[in-house]
Amino acid sequence: RPIDQRHRGVKNCSIKNAHGLDVVKRTKRPPCIIVGSRIIDIVVLRIEQHVSHSRIRLVHPDNVASGLNGTLRDYRKWVNTPSFIAQPVTKVHEILKANKQVFLWVSGHTHTSPLEESYAAPINLYDGRVTNIHNKDMNRGTIWTNSLFLYQDKVVVKTYNHQENTWLPALERTIKIPGL
């Protein structure tokens, strides 16, 4: 159920929860404002309400990258810069550090190709415990998508090439759900 943002000063965003997945997304133009203290307060509240449940964060604000700092190699000049990573970096780090139930962060707007060597690599592990799944944009000749298969004890991430109609087994990842 969407949180009503109007009473919390958050503009153009919604946070929805379904089965342990929190989705932050743009609801209309102009872009979602995610760096203000109000949205941070809401994110913290949502995480703290479910402290005994494992959490996956799906983050896809419009026109703002949402990767976690240092979870890709610097394959382009803008990777791992403030406009590319979730902000504010220190606050995001503090929230994740304080909430061990968050173990998977799924980013939109990193536009990282599965052909990039750090797309599915050990560098995707943030702070030793939160796996950052990066996604490719859909405005190119080949469309790749990630699918998350949720199990009691793990999440399996598979990447699909829509042009060739095939899964890419070399990019399959299994992330164990932490015991809380």
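Visitor: In what order do the elements of the protein chain run from the N terminus on?

Guide: Helices (H or I, at least four residues) and strands (E, at least two) are DSSP runs, numbered from the N terminus. Here the order is β-β-α-β-α-β-β-β-β-β-β-β, with 2 helices and 10 strands. This is a predicted model, where local features need pLDDT of at least 70, side-chain atom pairs count only at pLDDT 80 or more, and totals for chains, interfaces and linings use all residues. Residues are numbered from 1 along each chain as its sequence is written, and side-chain values use heavy atoms, with hydrogens and water left out.

Visitor: How much of the protein chain is made up of buried residues?

Guide: Buried means under 20% relative accessible area, exposed over 50%, and partly exposed in between (1.4 Å probe, protein chains only). Of the 180 residues in the protein chain, 43% are buried.

Visitor: Which residues form the largest nonpolar core?

Guide: A nonpolar core is a set of buried Ala, Val, Leu, Ile, Met, Phe, Trp, Tyr and Cys residues joined through side-chain atoms within 4.5 Å. The largest has 8 residues: L68, A86, V92, L96, V102, W105, Y126 and V130. Two or more of these residues come from each of α2 (89-98) and β4 (102-107). Another core, of 7 residues, lies apart from it and includes F103, V106, V155 and V157.

Visitor: What share of the contacts with a separation of 6 or more joins residues 24 or more positions apart?

Guide: Contact means heavy atoms within 4.5 Å. In the protein chain that share is 58%.

Visitor: Where is F149 found?

Guide: F149 belongs to strand β7 (residues 144-150). Its relative accessible area is 30%, so F149 counts as partly exposed.
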